[in-house]
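Please read these notes with the model open beside them. They are meant for someone meeting the structure for the first time.

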Amino acid sequence: MMDIQEFIHGVEGLRSNLLKQARHYLNDADDAEDAVQETLVKLWVVRDRVAEASKMRNMAAVVCRNVSLNMLRDKRQTISIDGAWEVASHANPEIQLEEREGRQRLQRNIRALTDKQRALLRMRNVEYMQYADIAKIMGTSESSVRGMISKARMALVQLMKGTEL
């Protein structure tokens, strides 16, 4: 059984990464802090099942993501990719309209992907997780993860081609 000192030592390095992850989802520092605290409480409850630090790190990432998404659902918010989409301000309203329509089309097509495909793309392209870490979370091999991510990207490309103006 893990005592409090072992637990604290195990989560000290995780806190900043969890906070960054929660901020990504919630776009609010206070909500992100709440999500991290709830994540750490949940990890404390299941500390007996997590013997290795690497497993704790993976479990913490999954729990933090779920807590953050639950907080978003509770607020009935949606995750916006607008913050990640850097658009230069143009004086031409026609260009602004085209860019806005392009973002909306991308968001619509991302929502059309399966939950698993969205999660894989988010872990790899937004959270910048390594294939090995994604494989551990998904309970599969690295090569399988590479293939699933490739298929998810191809599905998004096909959706984008199918919805061209």
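1. How many nonpolar, polar and charged residues does the lining of the second largest pocket have? This is a predicted model, and in it that lining has eight nonpolar residues, five polar ones and four charged ones.

2. Two or more lining residues come from each of H2, helix H4 (53–75) and H7. H2 gives the largest share, six residues. The space in this second largest pocket is about 490 Å³.

3. On the overall fold, the protein chain has eight helices and zero strands. Of contacts between residues at least 6 apart in sequence, 61% join residues at least 24 apart.

4. On burial and surface, 35% of the 165 residues in the protein chain count as buried. The chain exposes about 10,800 Å², and 51% of that is supplied by carbon and sulfur atoms.

5. Asn27 has a phi near 55°, which is a positive value in a residue other than glycine. Asn27 sits in the loop between helix H2 (14–26) and helix H3 (29–45). Is Asn27 buried or exposed? With a relative accessible area of 63%, Asn27 is exposed, because the cut-off for that class is over 50%.

6. Tyr128 likewise has a positive phi, near 55°, and is a residue other than glycine. The loop that holds Tyr128 runs between helix H6 (115–126) and helix H7 (131–138). Tyr128 is exposed as well, at a relative accessible area of 62%.

7. On confidence, the mean pLDDT of the protein chain is 82, and 85% of the residues score at least 70. Which helix has the lowest confidence, and which the highest? The lowest is helix H1 (residues 4–12), with a mean of 77, and the highest is helix H8 (residues 142–162), at 93.

8. One stretch calls for caution. Over residues 77–89, pLDDT stays under 50, and the model has 17 contacts beyond four places in sequence for them. Where pLDDT is low, predicted coordinates should not be read in detail.

Technical notes:
Residues numbered from 1 in each chain as written. Predicted model: local features only at pLDDT ≥ 70, side-chain atom pairs only at ≥ 80, totals over all residues. Heavy atoms only, no water. Helix = DSSP H or I, 4+ residues; strand = E, 2+ residues; numbered from the N terminus. Buried < 20%, exposed > 50% of the residue type's maximum accessible area, 1.4 Å probe, protein only. Contact = heavy atoms within 4.5 Å. Areas by Shrake-Rupley, 256 points an atom, 1.4 Å probe, with all protein chains shown as cover. pLDDT = per-residue confidence, 0-100. 1 Å grid on protein atoms, 1.4 Å probe; cavity = no way out; pocket = protein on both sides within 12 Å on 5 of 7 lines; lining within 4 Å. Points joined across faces, edges and corners; volume = space filled by probe spheres on them. Nonpolar A, V, L, I, M, F, W, Y, C, P; charged D, E, K, R; others polar.
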